[in-house]
Amino acid sequence: MPKRDESFLASVELMFDKAADLVGIADDLRHKIKVCNSTYTVRFGVRLRNKLYTFTGYRSVHSEHREPVKGGIRYSMHADQDEVEALASLMSYKCALVEAPFGGSKGALVIDPNEWESHEIERITRRFTQELAKRSLISPAQNVPAPDMGTGEKEMSWMADEYKRLYPNDLNSWGCVTGKPVSKGGIRGRVEATGRGIQYALQEAFRHPNDIQWAGLDGSLAGKRIVVQGLGNVGYHAAQFLSQEDEAIIVGVIERDGAVVNNDGIDIDGLHKHIHNNGGVKGFEGFTEDTESVLAMDCDIFIPAALEGVITLSNVDDIKANIIIEAANGPVTFSASERLRERNCLIIPDLYANAGGVTVSYFEWVKNLGHIRFGRMQRRQHERQTLDMVSAIEEMVGAKFPAQKLQKIIEGPTELDLVRSGLDDVMREGYQVISAKWNSDARIPDLRTAAMMIAIERIRDSYSSLGI
Ligand code: NAD
């Protein structure tokens with residue numbers, strides 16, 4: 001890991017200050033928005049392998065201007081208070097920017113998931129859930145966790161189940177976490193949502209030729225050379241969709257144990273399976289231990305999708321990409337961001353770029369509160385109405401609709417169709433508002449500042465209307 005320029009929290013606060021200077025906001029309210037409201041540290045014991053292990057967990061709540069507050073829980077050995085507070089702050093700004101009706105929160109458990117068996121992680125997760133529940137840090141009305149680094153559907157399902165046992169009378173208990181499997185109240189399209197959001201964000205950026213030309217590129221995503229760091233949930237889905245559906249070429253993948261390079265395009269599915277079977281990228285065609293050379297590779301787009309603080313002043317001058325889309329939270333430090341802007345590298349900022357996850361989490365939470373799958377009521381009605389229209393048209397023109405086309409036309413949208421449509425809409429609109437803001441005022445230097453300004457303005461308005 002490169003040497004940090006400033007702590008993660010300091011980096012987010014510097015970005016906040018830069019944007020807040022451009023927003024008309026009273027100093028006292030500005031301070032209130034900036035600070036985290038609370039951060040709990042919990043330590044709890046779990047008896048495993050004939051020994052009592054003490055685990056440390058965190059849950060930070062940044063802003064409760066909207067409730068519930070929302071944010072992932074990560075399992076990582078590097079988690080600490082600074083990190084969860086930085087991530088919780090980013091969640092408040094992200095939700096405000098994409099109009100998800102939540103405040104910001106984030107949690108972490110200091111653990112290396114690879115050190116433990118699945119049944120052990122289940123016990124640890126259930127105990128952690130009890131600690132969170134005791135402090136109202138998990139609840140459909142107050143605080144709704146989701147997956148993040150090192151956690152996924154399984155952990156969310158255990159959390160939801162534990163919460164249900166603790167509060168059997170809570171009718172909305174499924175809504176206490178998002179990112180659950182579909183069989184446990186989840187929603188179709190959540191697993192890939194953040195990666196899908198990265199794809200939609202890039203597609204929208206390429207619909208803004210002025211922005212793309214500012215970064216020295218033109219045309220579409222087809223043929224663009226991309227390097228991805230981290231082939232986990234977010235990185236894998238983003239790389240897969242961009243290469244399969246947009247004809248972009250993934251020329252480099254950087255992972256923990258090395259990197260893979262292929263100028264003709266890496267087989268992302270094959271590499272993903274290889275990681276799953278072998279625990280890393282080592283042994284895959286194009287493998288190299290020299291990750292730094294892959295970071296410095298000639299490419300059009302770099303997608304950091306692993307962790308924070310990977311581009312700092314110590315390696316920023318090696319980066320050749322014209323566009324960096326922050327799939328991870330906080331991968332580019334404030335100081336490195338400033339340097340990249342000086343040479344027209346377009347940074348699509350985390351608080352917008354990776355908002356696909358919380359957006360589809362929002363849909364899942366609404367589904368849980370509604371107790372009904374999206375599209376359930378309308379689908380067959382749409383089918384009948386369309387068939388009536390088709391038969392009227394056939395009668396008028398005296399010809400039959402081609403059978404193959406007819407099937408497509410009459411089928412109403414599935415839950416997955418609706419989730420994708422909603423996500424695409426949020427990502428398109430999100431880019432449009434930050435790009436318009438950036439381009440509207442010469443004092444606004446980049447997309448990140450524009451995005452942060454919009455978030456601050458919305459939170460300011462929310463606090464002001466509360467009378468605080
Ligand atoms: P994940 O655990 O599924 O994947 C992380 C990947 O990064 C793994 O493949 C891991 O091996 C790799 N990695 C770890 N350290 C690395 C290093 N030093 N160099 C290269 N690769 C490394 O996690 P994820 O859910 O994909 O999250 C990744 C990032 O995206 C995090 O910053 C997270 O906060 C952010 N994010 C995730 C979601 C989500 O829905 N999962 C939503 C928004 C933001």
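Biologist: Which helix gives the most residues to the lining of the second largest pocket?

Modeller: Happy to start there, with the reminder that this is a predicted model. The lining is made up of His65, Arg66, Cys95, Ala96, Glu99, Ala100, Pro101, Phe102, Arg458, Ile459 and Ser462. Two elements give two or more residues to this lining, helix H3 (81–97) and helix H17 (447–466). With three residues, the top contributor is H17.

Biologist: What is the volume of that second largest pocket, and how does its lining divide by class?

Modeller: By class, the lining of the second largest pocket has six nonpolar, two polar and three charged residues. As for the space itself, the volume of the second largest pocket is about 170 Å³.

Biologist: H3 and H17 turn up together in that lining. Are their axes roughly parallel or roughly perpendicular to each other?

Modeller: The axes of H3 and H17 come within 8 Å and cross at roughly 85°. On the H3 side, the contact is made by Ser92, Tyr93, Ala96 and Leu97, and on the H17 side by Ala451, Met452, Ile454, Ala455, Arg458 and Ile459. Those contact residues divide into eight nonpolar, one polar and one charged. Angles of 65 to 115 degrees count as roughly perpendicular, so the answer for H3 and H17 is roughly perpendicular.

Biologist: At what angle does H17 cross helix H16 (residues 415–440)?

Modeller: H16 brings Tyr431, Val433, Ile434, Ser435, Lys437 and Trp438 to the contact, while H17 brings Leu447, Ala450, Ala451, Met453, Ile454 and Glu457. Nine of the contact residues are nonpolar, one is polar and two are charged. H16 and H17 are therefore roughly perpendicular to each other. Their axes come within 8 Å, and the crossing angle is roughly 110°.

Biologist: Let's turn to cavities. How many of 30 Å³ or more does the structure hold, and what is the volume of the largest?

Modeller: The structure holds four cavities of 30 Å³ or more. For the largest cavity, the volume is about 90 Å³.

Biologist: Which elements each supply at least two residues of the lining of the largest cavity?

Modeller: Around the largest cavity sit Trp214, Ser337, Arg341, Cys345, Leu346, Ile347, Asp446, Leu447 and Arg448. By class, that makes five nonpolar, one polar and three charged residues. The elements that each supply at least two of the lining residues are helix H11 (334–342), strand E12 (346–348) and H17.

Biologist: And the second largest cavity: which helix gives the largest share of its lining?

Modeller: About 60 Å³ of space lies in the second largest cavity. Its lining residues are Met15, Lys18, Phe334, Ser337, Glu338, Arg341, Asp446, Arg448, Thr449 and Met452. The largest share, four residues, comes from H11.

Biologist: What is the class make-up of the lining of the second largest cavity, and which domains each give at least three residues to it?

Modeller: The lining of the second largest cavity divides into three nonpolar, two polar and five charged residues. On the domain side, at least three residues come from each of domain 1 (14–192 + 433–465) and domain 2 (216–344).

Notes
Residues are numbered from 1 along each chain as its sequence is written. This is a predicted model: local features need pLDDT of at least 70, side-chain atom pairs count only at pLDDT 80 or more; totals for chains, interfaces and linings use all residues. Side-chain values use heavy atoms; hydrogens and water are left out. On a 1 Å grid over the protein atoms alone, a cavity is a set of points where a 1.4 Å probe fits but cannot get out, and a pocket is an open set with protein on both sides within 12 Å along at least five of seven lines; lining residues have an atom within 4 Å of a point. Grid points are joined across faces, edges and corners, and a volume is the space filled by probe spheres set on the points. Ala, Val, Leu, Ile, Met, Phe, Trp, Tyr, Cys and Pro count as nonpolar, Asp, Glu, Lys and Arg as charged, and the others, Gly among them, as polar. Axes are lines fitted to C-alpha atoms, for helices over the stretch in contact, and angles run from 0 to 180 degrees between N-to-C directions. Angles under 35 degrees count as roughly parallel, over 145 as roughly antiparallel, 65 to 115 as roughly perpendicular and the rest as oblique. Contact means heavy atoms within 4.5 Å. Domain bounds come from an automatic or database domain assignment.
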